[in-house]
Structure formats: structure tokens, C-alpha cells
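Student: I would like to learn how to read a helix and its surroundings in a model, and then how to judge a chain as a whole. Could we go through one together?

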Amino acid sequence: MANRKTSKSRVSSDKYSVLLPTYNERENLPLIVWLLVKYFGESGYDYEIIVIDDRSPDGTLEVAEQLQNIYGADKIILRPREKKLGLGTAYIHGIKHATGNFVIIMDADLSHHTLLLCACYRKQREGGFDLVSGTRYSGDGGVYGWDLRRKLISRGANFLTQVLLRPGASDLTGSFRLYKKEVLGQLVKKCVSKGYVFQMEMIVRARQLGYSIGEVPITFVDRVYGESKLGGNEIVSFLKGLLTLFATT
Amino acid sequence: MTKLLEWLLGISVVMSTWGLLTFDLLDLKLPPVYKEVAWPMPVYLLVVFGCYSLATVGYRVATFNDCNEASQELQAQIKEAKKDLQKKGLKF
């Protein structure tokens, strides 16, 4: 167990820290961890998975502890928080404990196809990018399980964003990203929004600060367990956020 | 400069040029064809932009990839993961 001699020896000194903010992901967490362990194991890169649970009432933290026992406390790191706080603060909290030089952000609900992780870090290595963003809108990227209404809203919102912000990235509300650790630190300090808009602001600020942005196509599979949210409230807050970014960046 | 300011600047430049041409503000005595072309321009550009937007969004919705394979792959992996984790002692 101590020496994992596979056919791939350590390929480099890079280490990837995966930040997984969780809230009520008891069913998904073991699956996502299993997938991450599988793909990173195959890649030969060093990694760690930092689970940031916000006191989930469904026992997510307990499941995380079981996973820690299975995979080791060097690979699964638990940094829970006292209550449900924002995504931005979860990232700040996670970075403080991350020992890797790259940080990967993704959703814990299996909506991001984990195998695309490989495309992600390969892209970063090829281009030396400061951040790599997953996109659903170009190349082979796409979605599964979306009805017409949702596709229309998504594309419409993205079009509006492209026209108003000209961000230089095709997908701003996605949350499957790879950052150099110091870049993520800088960006989180500068961003002030919450929720969806926070992810958008990260990319806009990255452009402003002159960081290089690469893209990989990703597939977004609709929530396997649990409910997805795209109601009137979300749309209104998205528009408010978009206009705020428009006026302030 | 914020995007808002860029837009305001751009719009002011366009509208002043339009005003200049349509109402002959600088008394340039240009041939009347300039006035005739300039006068409906703002509305015309808005309509063109509107059509472009509809066409682009429509096209993008129509070509939005549906990743059936990805979903199936994921389902298969979930099954595999559950089996493996149970073997390793995870209590779901």
C-alpha cells in the first residue's frame, strides 16, 4: 500500500489539488471521489482531494470520513466549515490547505464528466495556461438531459454575456476549471459576486489581469441525484450579476 | 474603462455622426443621398442586430451537442464505482 508501483512512475513534480465544496452530496461524493482516484491514478500525477463540507444535514461529512479511511488521509483531506457559506469563501478556505501547485474546481454532483480532467491538465501543460476552463458551448462540449427551454435560456444568456462582456472565453458560468494556485488566490481576492456570477467574474478578472485562458470541451450531464435549479430567481440574479459586471469591469 | 463606458462612448460616437449627417449640423452641404442613407440607420442597425441575435442563438440551440454517450458512460462508471466502494467497505 505504501509504494504504488504502476507502469507509470511519477511523471513530474506537479501536484493537483481538487477542491470539492459540498452541501448535501452524500450520494454523489463517494462516486466523484472514486472517479477522481481512478483518473488521477491512471495519469500518474500527484493529487489530493479537499472536501469542504458546509455542515450538510444529510451526513456528507460522515461519508467523507469513510472515504478518508479507504483512500488515506494524504489523498482525501477534510476541511469542513461550520455552516453554509459561499463558494468564494470555500475556495479561499480550500486554497489555504492545498499543497498542490495546481487547483481544480469542479462540482461534486457528477455533472462534470471526470474523465475530461485528463484533457484539462493536458491542455494546461501544452499551453502553459494560467487557467483552463471547461466549455459546454464549443468543440465537442455539450450537455445531456436538457430540454429545449433550458438550452434556449443557456444559449441566450451566454450570447448576452458575450455581447456585453466580450470575455474571450466561450463558457463563463461553467465551474469545471483548472487554475495555477497563485492565480486562483489572486482572482478570489478580487472577486466580489456570489453564485453563478462569481464564476463569471473570475474569468472576466482573469482577462483583465492578463492571465492566459485555455479551453477544453466538457460534457455536462444533468444532475444524476438531486435537483437542478434554473428557475425565475436564478435568471433574475444572473441578469443582475451580468449588469453589475458590465458596469464595473 | 468599464464595458459600460466603452458602450456609452461607442454609442455617442455613432449617434453624433448620425445627428451630424441627418440634421446637417456642421453645415457641410453634403449631397442629399448622405442624409437619406443616414436617417434610418439607427433603427436599421437595431433590426439587423436583432435578426443576427435571433439567428445566432437559434443556430446555437439547434447545434447544442447532446452527449448521450457521456451519460451512458457515466452510468456505467457509477455502477462500477458502487460495487468497488462496497467491496472496500463503504456504507452508503
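Student: What covers the buried residues of helix 6 of chain A?

Tutor: Bear in mind that this is a predicted model. The cover of those buried residues includes helix 3 (87–97), strand 4 (102–105), strand 5 (131–135), strand 7 (177–180) and helix 7 (195–208) of chain A.

Student: Which residues of helix 6 of chain A are buried, and why do they line one face of the helix?

Tutor: The general idea is that an α-helix has 3.6 residues a turn, so residues three or four places apart point the same way. In helix 6 (residues 181–190) of chain A, the buried residues are A:V183, A:L184, A:L187 and A:V188; seen down the helix axis, they fall within an arc of 125 degrees, so they line one face. The face turned away from that buried side carries the exposed residues A:E182 and A:K189.

Student: How does the radius of gyration of chain A agree with that of a compact globule?

Tutor: For 249 residues a compact globule would have a radius of gyration near 18 Å, and chain A agrees because its value is 18 Å. Buried residues make up 55% of chain A, and among its contacts with a separation of 6 or more, 81% join residues 24 or more positions apart.

Student: Why does B:L4 count as partly exposed?

Tutor: Partly exposed lies between the buried limit of under 20% and the exposed limit of over 50%, and B:L4 counts as such because its relative accessibility is 31%. B:L4 is found in helix 1 (residues 3–23) of chain B, and together with B:M1, B:L5, B:L8, B:L9 and B:V13 it makes a nonpolar surface patch of about 580 Å².

Note on methods:
Residues numbered from 1 in each chain as written. Chains lettered and ligands numbered in written order. Predicted model: local features only at pLDDT ≥ 70, side-chain atom pairs only at ≥ 80, totals over all residues. Heavy atoms only, no water. Patch = residues over 30% accessible without salt bridge, like charges linked within 9 Å, V, L, I, M, F, W, Y side chains within 5 Å. Areas by Shrake-Rupley, 256 points an atom, 1.4 Å probe, with all protein chains shown as cover. Salt bridge = Lys/Arg side-chain N within 4 Å of Asp/Glu carboxyl O. Helix = DSSP H or I, 4+ residues; strand = E, 2+ residues; numbered from the N terminus. Buried < 20%, exposed > 50% of the residue type's maximum accessible area, 1.4 Å probe, protein only. Rg over C-alpha atoms; globule rule 2.2 N^0.38 Å. Contact = heavy atoms within 4.5 Å. Arc of directions from axis to C-beta.
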